[in-house]
Amino acid sequence: MPKLLVPFFFVALLRLDCDARSEPAHTNPFTFEALSTSSLATSVFESASVDVSPVAHSVSPEGTPKATSIDSTKSRWQASWSAIPKAWQGLWYYNWDGRQSCRPSQLVMPSTEEELIETVKDAAKRGLRLKLVGAGHSFSAIGMCADGSRLVNLDNYHRITNVQGNLVTAQAGIRLHSLNEQLEGVGLALENLGATAEQSLAGATQTGTHGTGTMLGSMSTQIVAMTMIDGMGSVVVADSTTNADLLDAARVGLGVLGVVSTITVRCLPLYRLKRTTTPYTLDTLIQELPGLMAQYERLQWFYTPYTTKATLVTREVTAEPVSPAGGCWNETIAPGPDGSQTCVDVSYKALTGSLTHYAARALYTEMEMFIPIEHALPAIQEWRALMESMRAEHAVDADADLFTGVRYVEADGIYLSPNFARQSAVISFIVTGNKLKTGSRRVFDIFSAALQNLTMSKYGGVPHWGKANFGSEALPLAVRARYPRLDDFLEVRGRMDPQGMFLNDYVTQRLGLTNRNTDAENMSLA
């Protein structure tokens with residue numbers, strides 16, 4: 001008889017209320033067939049029911065899952081289970097905005113490398129596909145599993161294991177917010193971060209998560225060593241002298257080279273940043289942008305389509321004390337005479353929002369396209385004109401909250417990094433909804449597909465691996481043209497995972513591989 005299980009990160013994405021709902025979206029109860037291996041079975045916890053709608057993370061300050069008590073919900077679950085259509089029953093996994101989902105047969109939450117090895121070996125023996133997931137913050141299907149496969153979450157595998165000078169080794173499941181706080185405690189900091197610190201270290205780097213800075217690489221460029229578990233269950237070390245080709249591939253490994261066990265990152269001494277957010281009119285900002293780019297290394301900007309409103313965000317290394325009270329996580333920073341808001345804080349607080357801020361955010365869906373930095377302004381101007389020609393499409397959903405932003409990333413030598421051998425400008429498009437539902441699917445799909453087509457066809461653009469993008473015959477060709485080390489990546493992949501245990505449909509299609517007995521993918525948005 002299957003056990004009813006709700007792992008905490010599912011609770012983080014959904015609340016299931018089986019009494020109140022009868023619609024399939026975000027209302028699927030979970031079942032889980034526990035593995036017979038006792039050490040694996042004990043790495044999951046049991047709950048009969050939870051409520052259904054997007055909520056914030058459910059992690060204690062120590063980073064350990066908070067299990068829901070089975071006692072208060074058991075009778076309610078039993079009473080409501082019979083009302084759930086059979087087609088909706090089973091274990092479901094959703095990403096953060098709820099647009100991607102899959103139906104694994106098993107979930108495992110190991111807490112040691114030995115359990116990770118056992119998990120892989122057992123899956124190989126059973127012929128199961130295996131997919132690792134973290135915060136579920138990828139908007140693409142890169143973190144989706146094949147139906148019936150084994151899902152592995154590393155939130156119980158989340159400790160810093162070694163600090164040696166400025167080199168810090170951590171287990172792959174550590175969340176970035178926890179890593180940042182612990183690094184601060186020993187006087188260190190990551191060189192750069194994206195806007196969100198809820199992701200796991202492995203998840204953020206496997207997808208090439210980046211911040212902004214013309215001379216600053218993605219988070220993956222801070223990795224100097226990794227240990228991985230291959231498809232046979234063997235531990236493989238990768239650094240600059242041992243399996244160097246694996247390191248060059250695995251720093252943006254798309255989750256298909258093996259299970260990332262530990263990551264060693266190069267850190268900086270703890271430093272502070274002065275963040276200034278300045279309102280502009282869009283045309284004025286574009287006119288002044290070349291001078292601003294020369295003045296500020298850490299610069300990004302965004303605007304609201306169909307308005308003249310734009311915002312410039314700069315960050316400068318400073319020795320100034322933290323200000324105002326509460327630093328950059330103060331939600332009520334007073335604007336100056338020109339409307340700008342300034343704060344000073346330790347670097348990660350000037351780069352990312354707090355967990356409280358993360359929990360309060362509305363759901364949104366995002367896509368990003370990487371283009372050569374020299375094409376940034378022409379591409380933006382063409383994108384503005386294209387959006388203007390599509391104004392009627394937005395008018396149908398006029399309340400859809402639109403966003404376009406631009407960030408910058410330094411070139412690197414990582415095989416499948418979008419920044420391979422070129423500096424990038426990254427154009428982001430977002431449609432925001434509310435706390436319960438992401439923005440209009442129709443508006444997002446129409447406009448983001450147009451941005452993808454424009455940047456791919458005219459500017460050599462490629463999508464962010466972890467942001468929404470559209471599978472098509474053209475995309476694998478663009479990937480092949482953009483990544484000259486693709487064959488080297490595939491050689492490493494074949495060596496690490498000859499049976500294709502870690503592949504999924506998303507990566508298979510985008511890399512132009514032959515499908516390995518996977519379920520057919522809906523090749524529109526994925």
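Predicted model: local features only at pLDDT ≥ 70, side-chain atom pairs only at ≥ 80, totals over all residues.
Two strands count as paired here if DSSP finds at least two bridges between them.

**The β6–β7 hairpin**
- Strand β6 (residues 160-164) runs antiparallel to strand β7 (residues 167-171), and the two are joined over four bridges, against the at least two that pairing asks for.
- Together β6 and β7 make a hairpin, with two residues between them.
- G165 sits in that turn and has a positive phi of about 65°.

- A pair of rings is described by the distance of the centres and the angle of the planes.
- For W96 and Y364 those values are 4.9 Å centre to centre and 65° between the planes, which makes the pair edge-to-face, since planes over 60 degrees apart fall in that class.
- W96 is in the loop between β1 (93-94) and β2 (101-102), while Y364 belongs to strand β17 (residues 364-372), so this pair ties together parts that are 268 residues apart in sequence.
- W96 and Y364 are both buried.
- Zoom out a bit and W96 and Y364 turn up with F139 and Y358 in one aromatic cluster.

**W301 and Y303**
- W301 has a relative accessible area of 2%, so it is buried.
- Y303 is buried too, because its relative accessible area is 3%.

**Charges over rings**
- K349 lies over the face of W329, at 4.9 Å from the ring centre.
- R482 does likewise with Y483, lying over the ring's face at 5.7 Å from its centre.

**Around Y348**
- Y348 is part of helix α9 (residues 347-351).
- With a relative accessible area of 5%, Y348 is buried.
- Leaving aside residues up to four places away in sequence, Y348 touches N180, E181, E184, L193 and W329. W329 is also the residue whose ring has K349 over its face.
- Y348 and L270 are 78 residues apart in sequence, and their C-alpha atoms are 9.6 Å apart in space.

Terms used. Residues numbered from 1 in each chain as written. Heavy atoms only, no water. Phe/Tyr/Trp six-rings, centres within 6.5 Å; stacked < 30°, edge-to-face > 60°. Buried < 20%, exposed > 50% of the residue type's maximum accessible area, 1.4 Å probe, protein only. Lys NZ or Arg CZ within 6 Å of the ring centre and 35° of its normal. Contact = heavy atoms within 4.5 Å.
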